[in-house]
Amino acid sequence: MKSIAITSVPGFDEWREASRECLSQHIAPEDIIWKSVHTLQEDLFGDMGENAEKKKVQRNHTIPKPVLTLIKYALCHTDDSKFSLCYRVLWRVVYENKKLIQLKTDGDVIQLYAMAKAVKRDAYKMSAFLRFREVKLAGQEHFVAWYEPEHFSLEINLSFFQTRFKNMRWSILTPYRAAHWDTETLVLEDNPDSSAAPDEDRIEKYWLTYYANIFNPARIKTNAMLNQMPKKYWKNMPETSLIGDMIKQSDARVRKMISNED
Amino acid sequence: MIAYRKLSSAMHDRLIQKLEILSDAAKYDASCASGSAGKRQPGKTDKSGIGSLTGGSGICHSFTPDGRCVSLLKILMTNYCIYDCHYCINRVSSNVQRARFTVKETIDLTLNFYKRNYIEGLFLSSGIVGSPDITMESMVRIAKSLRLDHGFKGYIHLKTIPNASSELQAEAGLYADRLSINVEMPTQSSLNRYAPEKDLSNIHDSMNVLKDKIAEHKVDQTYSGKRPPRFAPGGQSTQMIIGADGSNDKTILGTSVKLYSQQKLRRVYYSAFSPIPDASDVLPLKPAPLLREHRLYQADWLLRFYGFGLDEILQDDMLDMDYDPKLSWALRNRHIFPIDLNTADKQLLLRVPGLGARTVQKILSIRRNTKLNWVDLTKMRLPLKKLKPFVKVGDYFPDIHLLDSNNFELQFKEPKQFELFSA
């Protein structure tokens with residue numbers, strides 16, 4: 001039994017190195033225990049893996065790109081079972097079926113797609129719901145956002161933010177990592193200080209005004225809103241503090257609209 | 001116009017007041033999409049400018065309690081208007097509060113919102129001040145300045161002003177991703193009654209001018225190998241108000257089919273008439289049911305993406321309210337079911353109630369590798385109850401008598417108290 005510890009998050013590079021090594025030594029998925037930073041402390045048993053016999057079988061397996069892309073997304077999931085699942089899929093792609101991920105009814109494939117999909121959705125929501133606030137740093141505009149993604153979605157969105165806000169200076173802070181952009185270089189920082197995020201912005205009041213007025217009180221569809229914007233995201237968005245009052249007052253507003261005609 | 005406690009400290013801000021009036025006035029427009037204009041991003045060496053288009057259907061940056069997506073800064077440049085369209089809250093005879101954004105205010109608001117990741121871009125429409133050309137000229141100035149002075153690469157949708165000159169319409173297309181003119185009513189006689197200054201053939205003429213421009217800019221006519229300048233790459237869209245006039249679904253969908261085929265529109269939006277403040281006497285007192293609007297969208301989708309013809313969808317003048325139009329068609333054509341998911345071609349699969357276009361694609365891809373059995377369907381998260389009587393797979397065949405039974409359709413009836421569509 002080989003034991004592998006992944007010490008970084010989301011851990012894609014470490015996992016890829018370790019998986020490459022394991023594949024080349026022909027170590028089957030059921031003979032590996034994957035550990036992450038979370039499980040590491042709880043583990044009481046020593047690492048037996050070092051003594052395992054190393055036999056080189058073959059190096060440089062070619063993995064189809066769509067498989068790697070899918071795995072890359074899945075590895076940003078917070079569920080630690082992702083490491084063993086991804087290795088199992090890799091193993092089966094190499095030794096069982098190159099087109100494994102096309103078998104949409106296979107248990108492992110379904111699970112891999114489900115994980116990747118959860119991450120994609122979370123990353124999409126981050127690109128949508130993240131809000132910058134403006135501060136002045138050394139006399140220059142700098143935009144700072146604090147955002148708490150459900151998965152390790154920051155890395156997936158970096159190119160989106162670098163493209164869209166290329167000529168803006170910005171910092172995105174998440175509980176596990178921050179990204180700082182100065183219009184040319186990207187700097188990553190682990191475990192940033194949440195108090196560095198500003199709690200005000202000079203334009204935000206206009207955004208709240210817009211949000212409160214663009215909605216039509218005559219057609220309340222709270223469930224449709226919650227499907228697309230579940231409450232777990234609300235903490236990231238200043239406008240959600242208005243929702244309670246908007247729903248409460250909607251009836252009165254509609255009645256006012258209709259009675260206005262006399 | 002509402003002011004919440006949190007906002008009250010800023011109540012004296014004039015810009016806040018304008019924003020209240022001019023976003024409130026824009027909310028009756030159903031269109032919010034920011035998609036289908038392709039991808040766009042800054043060049044590697046661009047040192048100024050802001051924004052990108054991600055392709056696909058654009059990002060929904062927030063959702064309001066009416067379930068709609070907030071993707072664009074959707075505002076009126078002004079709600080002053082010289083026209084008197086009865087369904088419109090801003091008609092000249094209405095006594096709503098009036099306001100007007102300056103060109104600079106509109107540009108600043110768009111850029112400031114965009115920099116904070118609130119929006120994908122700007123959706124600008126306007127009441128008509130002075131003349132159609134004067135109004136349109138200001139709108140074009142806003143789009144032009146955003147693009148040329150500020151290097152804005154986000155989304156711009158301009159609602160062009162009916163009766164504005166074709167030169168201004170053509171200029172608008174150089175800076176906007178999408179242009180739209182609302183037809184508002186499906187027939188000229190309804191327009192005569194509800195929007196006396198609007199003329200259907202004028203609207204069609206404007207649409208045709210834009211259609212030709214869009215087509216022209218898609219092909220390189222100089223044969224120089226250079227790409228022609230972009231012209232409204234997201235195409236044109238329009239909106240019809242449902243239930244204010246007496247038009248039936250057949251008339252409405254017939255108008256849509258013509259707009260899609262003749263004017264090459266990308267999207268027709270349907271907006272169920274809802275009560276507006278200070279309403280005109282000509283209008284009905286009750287709002288149109290949202291379910292009707294929903295059914296029209298479903299039918300519109302079937303016409304555009306599922307290969308259905310108008311006469312197949314409509315049995316008589318109105319769509320069936322009890323069942324969605326696809327199920328309704330299936331119930332009338334039971335003889336072609338059950339359909340074998342392992343052998344049927346794409347066109348036929350698209351007609352199975354409960355199978356969407358994406359699922360059909362998935363089935364086709366799975367079929368290439370393996371034969372589908374019932375257990376596979378259960379893994380695909382499909383609406384099995386709906387699907388069950390209409391399909392067969394390797395190890396499953398529906399009860400032969402099921403489709404022929406007298407009360408067969410009753411099992412699909414949606415419960416009346418469905419909150420989403422209560423009018």
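Let me start with a term: a nonpolar core is a set of buried Ala, Val, Leu, Ile, Met, Phe, Trp, Tyr and Cys residues joined through C-beta atoms within 7 Å. Buried means that 20 or more other C-beta atoms lie within 10 Å of a residue's own, exposed means 12 or fewer, and partly exposed is in between, with C-beta atoms placed from the backbone.

A word on the source, please. This is a predicted model, where local features need pLDDT of at least 70 and side-chain atom pairs count only at pLDDT 80 or more, while totals for chains, interfaces and linings use all residues. Residues are numbered from 1 along each chain as its sequence is written, and chains are lettered from A, with ligands numbered from 1, in the order in which they are written.

Now, the core. The largest one has 159 residues, and those touching the most other members are A74(A), C86(A), I172(A), L22(B), L73(B) and A143(B).

Helices (H or I, at least four residues) and strands (E, at least two) are DSSP runs, numbered from the N terminus. In helix α3 of chain A, residues 65–74, the buried residues are L70(A), I71(A), Y73(A) and A74(A). Seen down the axis of α3(A), they fall within an arc of 160°, so they line one face of the helix; the arc is that of the directions from the helix axis to the C-beta atoms. K65(A) and T69(A), on the other side, are exposed. The cover over the buried residues of α3(A) includes α4 (82–95) and α5 (107–129) of chain A.

C86(A) takes us to α4(A), where it is one of the buried residues, along with, among others, F83(A), L90(A) and W91(A). The buried residues of α4(A) pack against β1, α1, β2, α3 and α5 of chain A.

β1(A), residues 2–6, and β2(A) run parallel, joined by five bridges, and strands count as paired if DSSP finds at least two bridges between them. A5(A) stands opposite K35(A), and K35(A) lies with I33(A) on the uncovered face of β2(A).

Over to chain B. What does L22(B) touch, not counting residues up to four places away in sequence? The list is I75(B), L76(B), N79(B), A99(B) and F101(B), where contact means C-beta atoms, placed from the backbone, within 7 Å.

Finally, the chains meet: 59 residues of chain B are in contact with 55 residues of chain A. On the chain B side, α2(B) gives the most, with six residues.

How values were computed. Two residues are in contact if their C-beta atoms, placed from the backbone, lie within 7 Å.
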